[in-house]
Structures are given as C-alpha cells and as structure tokens.
Amino acid sequence: MVRMEIKDVNLWYGTFHALKDINMKIYKNKVTAFIGPSGCGKSTLIRCLNRMNDLIDTVKVTGEITLDGKNIYDKDVDVVKLRKDIGMVFQKPNPFPISIHDNIAYGPRLHGIKDKNKLNDIVVNNLKGSALWEEVKDILDQNAMSISGGQQQRLCIARCLAVEPEVILFDEPCSALDPISTGKIEDLITQLKKDYTIVIVTHNMQQAARISDYTGYFYLGNLMEFNKTKKIFTNPDNPQTEKYITGKFG
Amino acid sequence: MTRDKYIKQLDEVKKLTVKMGNKAEELVNGSILALETQDAELAQKIIDQDKEVDEMFLDLEKKVIKIIATQAPVASDLRLLLTALKNATDVERVGDFAKDIAMVTIDLKDDKYFTKLIMIPKMAEITLKMVRESLQSFDEENVPLAKAVHEEDDLVDEIFSRLFRTMTSFVMENPKNTNQALRLMLVARHLERIADHAVNIANRTVYLIEGKIEFI
C-alpha cells in the first residue's frame, strides 16, 4: 500500500536545479532507502517529505508530495502537525541538553499532554520501543548529553516516536556511530517498520542492502533507478546504478 | 575508474577459473587417450596431475573468500564471484573424473579389449567440446554459446544409453567380459557426469549475464 507519493517534483536552490522530475512511491510499513553520491539530491528530497526545505529562503518546490492522498504542499496544511506525522532523525544525534526523561516528554507536552503518569508511560514505552530502556532506566534524570553517541541517537528516535508519527525519515542516522551502535539502530529500524513507514538516506551501501525493501539511486538531481532493494543489489536495471553500487563510479 | 585493485582481483578470479577449467579439460583428454592406447604411464601422470587442479581450486576459493570479506561485492561483481566459485567446484569434479578414468586404464592395462573403443572416444569428444564451450561462454560472457552446450548434452546421454545396451550384450555373450564391461561403463558414466558439470557451468553463464537463476 502506498503511504506517500512523490509526483513530478522539481526543486531549485535559487537558480540551481537540485531535483529534476522526481516520481516515486513510498510504501506503507516498508523501508525505502535513498542512495547516491554526495550532492545527488537524496537529502534534499528527504527534507521535502516533511517540508524541512521550507526553512530555506531560496528554495522553490514544484510538483506534489502526498501523504495518504493529501498533498502536503497544499496551503491548508499545518506544517507543525505535518512534522509530527512525519518525524525526522538526523545524521548527528541532537538531544536537548535536558534530562533523558524530558527529552521524550518534551514533544507530547508541547502537544498538550500534562498528566505526569501519562507522560511517564510515554517515556517508558518509547524508550522500550527504541531499544534503549534497559540501558537508561536507572538514569532517566541524567542529562541526555552524558550518554554515548549511539544511545543519544536511539534517544532521538524515542523522542521522534513519542509524538506518534506515521512516517519516520532518517537522514544518515548511523554515519556518526560505531559499528555496534549502527547495528542496534539497524535492528531498531527493522523492528519499527512493523508500525511505521520509513525512509532512510544512507551513504553506506551495505546498510541500504541490509535494511531496506526499496531503494532509489539518485545522481545529479535525477532518480536514476527505483526498484526493490534485492533487485538493485543483485541485478540492477540501470548500468549507472550498477557502476555506483559496485564502487566503480561516483 | 575507481577501485583499480578490486577490478584486478575480479579479473584474476575469472582468469584462474578458466585456467583451472582448461587444465581439467586437458586431463580428461589425456585420460581418454591413455585408455584408448592402454598407456598406463600416461594414466599415472594424469592421476598425479589432478593435484594441480585441486591446488588451483583451493587458491581460487581463498581469493574469492578474501574479496567477499574485504570488498563487499554486489550486483555483477557478486554474480561473477559466485559463478567463479561454483564453476571451480564443477571443474574440480571434472579433474577428479579424469583421475578416475585414468585409474580404470591402470586396472585394464594387461587386458585385451574385447572390442575396439568407438563410442567412448566419441562421447569424450562431445563432452570435452561441452567443457571447452561452457568455459568459453563464461570467459566471453556469451549466452548463446552457453545455451548451445545444453543441446549437446542430449547427444551424450543418447550415446551413454547405447553404450549401456552394447556392454550388456557383451556380458550376456560371455560373462568373462563382465569386469572389463563394468569398468568401461564406469568410464562412460564419468564422461556423462562431466557433461552434466559442463551444463552447470553453462547455466551459470546465463546467471552471470542475466541474473536469472534457472536451468536452461
């Protein structure tokens, strides 16, 4: 089932044409990976999916991106709600410099939940959901900046889950992490797809191969190939994809 | 072009597989010649040389494992490595069969053949052509050639059945022929198996090029 659809999307940074006629479908409860060399437009596209690019003045976007059939670029769309429904986890873990507990309670509080017990339940459930609970259950009052990078990233995922999104966007979530923390995040993404729709930008080809169901290969703002991941990594249709994933180009 | 060393490694694996295949083919050729001419000395040389094929196989296996472990190959590179490794396994068996045929020659060195060997050399000729062409199809990435190999296998099977009937009648005519007939039947069986290995190699050429796993 299609959760999001990208239709004829073009994007310009001033005069620079960064995304060219992108068309693709993001399927529900699947992991979709965007790969391609630096500057190919994959991060630009993922930021279009929850309108993060709105924050940049010179950006112009045309085309449509729908969530369950509704164009997220329509004038009546509440962007704050949109970013709650389509959460994002960034490359560098960016917890708030407050306690672990409050990092997760922050979003729900902002959205109007005041009841302490309810907030505590949200904190516990989402720490469990992000596979972090066992490691931090005794230090919930400790400042989030004191835990390791890998733990901070899982905290950011927990914080994202706390506002009950439908889609989660991961922009190179493991590039600042060691292999063990990377493994944990990958396992977590695989578990999360049962309940969420996931899009991930990654420079790690093997990571895309391991955890995604669909892969899009981007080059110079074009979507060169969008296919099942299994197909991309065993026998891609486009010879350019082949050159890129085998490391002979890019 | 990036990853020059890696590309060289892949190329080396392919060349080694073909080289190993050519060696195994040479051994089968020699083993049949030794059988026809009852040359026990040549047969012994073939038996000794099978070790060379085994060593080449181990060398190739190590190289493939190292590339997979260090280079994380995907797509056509992965298909090449898997194809080379599996082809090498087939080729290694072909070498073993050459050795087995040579052992029959040694067993029969003092016997007078009760018939002139005609069908076995014919079978060997087609089988060797199949091995050669299957390896060539891999080397040149030639799918039509790979498909042609498959067709030749039917002929090998047909000669095998005819030979079976002939040997049965020799045994029925004179039970003293049993030992020789059974051993020659074994040779034919080895050749028939070698042809099957050639078909495996040819099937894999299709996988290498088209990414489809299927029997032609």
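1. Let's start with the open four-stranded sheet in chain A: its order is β2-β1-β4-β5, and the pairing is antiparallel. Strands here are DSSP runs of E, at least two residues, and helices are runs of H or I, at least four, numbered from the N terminus; two strands pair if DSSP finds at least two bridges between them. At the edges stand β2 (16–27) and β5 (70–71) of chain A, each with a single partner strand, so one side of each has no neighbour in the sheet.

2. Before going on, a word on the source: this is a predicted model, where local features need pLDDT of at least 70 and side-chain atom pairs count only at pLDDT 80 or more, while totals for chains, interfaces and linings use all residues. Residues are numbered from 1 along each chain as its sequence is written, with chains lettered from A and ligands numbered from 1 in the order in which they are written.

3. Back in that sheet, β1 (residues 2–13) and β4 (residues 59–67) of chain A run antiparallel and are joined by eight bridges. If you want a spot to look at, A:Asn10 has A:Thr62 in β4(A) as its bridge partner.

4. The other sheet to check is open and six-stranded, ordered β6-β7-β8-β3-β9-β10 in chain A, with mixed pairing. Its edge strands are β6 (86–89) and β10 (222–228) of chain A, each pairing on one side only. On average, neighbouring strands of this sheet are turned by 15 degrees against each other, direction ignored (axes are lines fitted to C-alpha atoms, for helices over the stretch in contact, and angles run from 0 to 180 degrees between N-to-C directions).

5. Who pairs with β8(A)? β7 (residues 167–171) of chain A does, in the parallel sense over five bridges to β8 (residues 197–201). One bridge partner pair is A:Asp171 with A:Val201, and another is A:Phe170 with A:Ile200. Strand β3 (residues 31–35) of chain A also runs parallel to β8(A), joined by four bridges, and A:Ala33 stands opposite A:Ile200.
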